[in-house]
Amino acid sequence: MTSVPRVLAVFDELLREAAPDRRGALWQLAEQGRELDANLVRLPPGGAVGAHQEDVLDVLLVAVAGDGRIEAGGESLELTPGTVAWLPRTSRRALAAGPDGLAYLTVHRRRPGLTIKPPASAPAVPAPVRAPSYEGGEAPCMLDLVCPGCGRLSRDPEFCSRCGERFAQG
């Protein structure tokens, strides 16, 4: 079966129909077999995404509505509708919405699924013997780093690097 182009969203309509206080991702690219990820994100007036760093992916950010700024490397880059910014991987940046809020589209290569593989040159090591009560997974002490909005694990305990949701301060 051959894929065909199609309209997936109309951002003006999504922004108009979303509750005024709704923040975070209003739309996400979710098509099967895609090589890209894209999100329409809205920050309320005065909202912010704290300083964070994406170590793996370059991100293209397109301001869609409202205004704001990117703080990076000691500079403040203004965002108005139609502004396109490149956020190179390993760059540290923060976003802040202006008095009318900010809606922006992010586009990047699709993040590969998480896998754990030994290095190709590593010799085979037998699996350790575990007690029957052993349970695997993330340590429970990391639960405060899981975003309540989208579920992503974040190194920054204040803001989610994916959707900008502020973490509860405990």
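**Figure 1. Surroundings of arginine 93.** Setting aside residues up to four places away in sequence, arginine 93 touches Gly50, Ala51, His52, Glu54, Val59, Ile70, Glu71, Ala72, Leu87 and Pro88. The model shown here is predicted. Arginine 93 belongs to strand β7, which covers residues 92-109. His52 sits in strand β3. Strand β6 spans residues 84-87.

Figure 2. Which side chain of opposite charge is nearest to arginine 93? That side chain is glutamate 54, at 5.8 Å. A salt bridge would need a side-chain nitrogen within 4 Å of a carboxyl oxygen. Arginine 93 is buried and has no salt bridge. Polar partners are present, however. The side chain of arginine 93 reaches the backbone oxygen of proline 88 at 3.3 Å. A second polar contact, of 2.6 Å, links the side chains of arginine 93 and serine 91.

**Figure 3. Histidine 52 in strand β3.** Strand β3 runs through residues 48-53 and includes histidine 52. Is histidine 52 buried or exposed? Histidine 52 counts as buried because its relative accessibility is 11%, and the cut-off for buried is under 20%. A polar atom of the histidine 52 side chain lies 2.9 Å from the backbone oxygen of glycine 50.

**Figure 4. A nonpolar patch on the surface.** Three residues, Leu60, Val84 and Trp86, make up this patch. Together they have about 330 Å² of accessible area. Tryptophan 86 lies in strand β6, residues 84-87. Tryptophan 86 counts as exposed because its relative accessibility is 57%, and exposed means over 50%.

**Figure 5. The whole protein, for orientation.** The protein has one helix and seven strands. Along the sequence, their pattern is α-β-β-β-β-β-β-β. What share of the 170 residues counts as buried? The share is 30%. The accessible surface of the protein is about 11600 Å². Carbon and sulfur atoms hold 56% of that surface. Among contacts with a separation of 6 or more, 59% join residues 24 or more positions apart.

Definitions and conventions: Residues numbered from 1 in each chain as written. Predicted model: local features only at pLDDT ≥ 70, side-chain atom pairs only at ≥ 80, totals over all residues. Heavy atoms only, no water. Helix = DSSP H or I, 4+ residues; strand = E, 2+ residues; numbered from the N terminus. Buried < 20%, exposed > 50% of the residue type's maximum accessible area, 1.4 Å probe, protein only. Lys, Arg positive; Asp, Glu negative; His and termini not counted. Polar contact = N/O pair within 3.5 Å; in protein donor to acceptor, adjacent residues only side chain to side chain. Contact = heavy atoms within 4.5 Å. Patch = residues over 30% accessible without salt bridge, like charges linked within 9 Å, V, L, I, M, F, W, Y side chains within 5 Å. Areas by Shrake-Rupley, 256 points an atom, 1.4 Å probe, with all protein chains shown as cover.
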